[in-house]
Amino acid sequence: MAEDAPVLELKGITKRFPGVVANDRVDFDLRRGEVHALLGENGAGKSTLMNVLYGLYRPDEGEILVKGKPITMSSPSDAIGVGVGMVHQHFMLIPVMTVAENIVLGVEPTREKLFLDQDAAEERVKQIARTFKFAIDPHARIENISVGQQQRVEILKALFRGADILILDEPTAVLTPQEALELFGILRTLTREGMSVIFISHKLHEVLEIADRVTVLRRGKKIETLPREGATQEALAKLMVGREVLLRVDKKPSEPGEPLLEVEDLQVLDERGLPAVRGVSFQVRAGEIVGIAGVDGNGQTELIDAITGLTKPQSGTIRVGGRDATRETARERLDEGIGHIPEDRQRRGLILDFTLAENVGLHDYRKEPYSRVGWLRPGRLIALARRLLKEFDVRGGNPKTLASALSGGNQQKVVIAREVERDPRVLVAGQPTRGLDVGAIEFVHRRLVDERDEGRAVLLMSLELEEIMSLSDRILVIFGGEIVGEYGPDVTEEELGVAMTGGRREAAA
Amino acid sequence: MTVTPPAQTPEIEDTYSLRSTFYERAGGFFVPFAATVLAFFIGGLVVLITGHNPIEAYRAIFEGAGFNWPYQWLTGQDTTASGRDLQQTLRAATPLILAALAVAFSFRCGLFNIGGQGQYWVGFIFALLVGTHFEGMPRPLHVTLCIVAGILGGAFWGGIAGFLRATVGAHEVITTIMLNWIALYVGKWLFELDGPLQGAAPSLPRSEVIDDSAILWIIWNPYLHAGILIAIVVLFIYTLLLNRTTLGYEVRAVGFNPEAARYSGIGVRKNYFLALAISGAFAGLAGTVDLVGVKHAVDQSDFDTNFVAFTAIAVALLGRNTAVGIFFAGLLFAGLSVGTSSRNLDPEIFEPALATDLATMIQALVIFFVGADLLIVYIWRLRRHLHLRRTQPAEEPAPS
């Protein structure tokens, strides 16, 4: 690693928003050819700092030095001008245009200053892709390429504009594990060519895999900058959260009882009417967590929707506590023993414009004591909410706060509180920690294990292998809408990975 | 679990959520208010260009709407003229408020009901049928029957759009507009010369007049009928229905997030139907109150000139779909039109012909600025930002 003067220095950056100090005298530096990870929980000030660097926010105090020269960034074009490029979490690409068109957008090569020079554009894109060893087809339309490839287009866009400092904002959040590995390969090539990368993340294992140095932010302050060598997940988590965090869930071996959820030969179609779940059968018994592992889009969502009554299966049966629930509506199933922590809490789990009291009543508002003959009794809902907020340690709101005002982790706590409060026999959790930070993940995991120990049957669907492996008592691998393997908790990541990508290998649990 | 007690201080999150909740609530009042002020300001500039004094003109419109009545009444002045003006304003506000609720209620379910005018007419015609029959019935009963008929008529017409949305997914904006035209042309056909419901006068395209027993009580001589009281009661019912009943809870849940409603087992389609039917009931009531309070009959030409339910869309928008907001927005719009009518405005100060245009313009500007609420918030922030810079060039106050 080059040890010369930093290509970028942020000194004493302070950014205040009314009522909040988002960055409090943060120092940060980036050396040539390194990947420097910026680690912190949601709301720790990572994005604010990068937006300051990218010219989207003006800092209240502090200075920015690029290659030793103080710079005033007042817009992204200033940042691009000094070689700073940013790849946002949500891509800014035009779906109907080609890769080349998107890359040259705004700086198009022209013929007679009027017409787009298509050939020159493609030639230049090919050239730059070759330089950095990117495999990409400049003619392909954005809408037809994968998310991972779209991300590469974003990176190329920045490089095309002459960036030698790249900011990647949570780049792996949208990627499959395989695509993330490819991204890391690309980043290594880039740094070898002399680029410098700021890698924003809250995932510890990724940071340890790709970063040369790590800077941890917590509640707006820089806590520490440390080299990767010698850093451990536990140490980083402690710096991030400010206290000891249990990354590995400690739990007793399960003592499964009678089967509470039985799925038999289930066939489900997806939204386009194509088979998504093809003849799936399994059981979840009282007091065990069954994890469903798989690459996104292999029928997990449709399976959960069918179990919770949100889609009608083509055929097959679903039994809850021995009772045939196949023909019951979503509400009947919720009322008779299924708790559902939905995959997308903001779209399904909560009504963001409702207060927390209204949200905790989402299933039971029609029942005594929360209403009587059609009249709501808001006082009862508020009392329920107050109790649950306390019991589940929800911070940042009272029963009358709108759900949208809470952080993601606290929103998820509200969802879990509501589902668990109804004392379900079967708890179905879809990606329960998606987008949450370490502290909140710990809480959710602990709670799922507690619910298991209460004697509930827990069905856990997650795209995070680590999560599946640390929580599940049994693991089912779903591929192409079929269960292709069942494993015990001591299976290796490699074994699961092979099964998840279609390398069928049956193993005894 | 070996976790030290959480050391996190919740202050930052607390202030954030409190602030956002405050903005949510304050924004609901602030933006419409600022929109109105801006609209009047720009209207004032236009008055200035036409060579009149905007303050004088606004004052004349204000008095023409009778809004000076409370002041005169309190100070013991002669209130005859201002009282009559105010009565007209309140009378004009009544159907505006009721028809605005038709827009507001469906809006809370995520639907845009543009069919208020059609629902208004169907309610009107149903009430007319009841009002022209049952001669000699006791007045409270006859009036009540008319109102029930009008509500059912409006609910029927709104319910058609709701049914189509719920079953085949036909978009309510399209269907309610089509239903408007159907109601309008059916109405014109019913009351045309030799039409099926033409009244007794053979040469007039006009309906029968409703019986005396179906006419609403006058609560303030000579103009003001009890409709405004009905509107106020209905405003309360609207708020209670939305916020304090399970039906309203479902309607709002579907309006805010249909996917979350579906997840919890709430019948999204059922609520689409109910919301549009109930919406129609509000508009039907607006028509009924106009019939039994003011018109007592209908001319065929009324179908071409009465567009009160369209103005009511603007009232709902300005009132942000809240009962209080709709009440004041209704008064504002009614006051603007009454205050600029040639009968009430002194032509020395501002020509009524111009004033009517001014009223329309101000109404349009209000809607423009309410729609552009982000613009208003931006202007407000900019102002505060400049202010801060001027007074505290070095340091902003630290957050407490």
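I started with the secondary structure of chain B and found 16 helices and 2 strands; helices (H or I, at least four residues) and strands (E, at least two) are DSSP runs, numbered from the N terminus. I kept in mind that this is a predicted model, where local features need pLDDT of at least 70, side-chain atom pairs count only at pLDDT 80 or more, and totals for chains, interfaces and linings use all residues. Residues are numbered from 1 along each chain as its sequence is written, while chains are lettered from A and ligands numbered from 1 in the order in which they are written.

Next I turned to a hairpin in chain A. Strands β13(A) (residues 259-269) and β14(A) (residues 275-285) pair in the antiparallel sense over 8 bridges; pairing requires at least two DSSP bridges. I found A:Glu262 opposite A:Gln283 in β14(A). The hairpin has 5 residues between its strands, and A:Gly273 in the turn shows a positive phi of about 85°.

My last stop was A:Ile341, in strand β18 (residues 338-341) of chain A. I noted A:Ile341 as buried because 26 other C-beta atoms lie within 10 Å; the cut-offs are 20 or more for buried, 12 or fewer for exposed and partly exposed in between, with C-beta atoms placed from the backbone. The C-alpha atoms of A:Ile341 and A:Glu122 are 47 Å apart.
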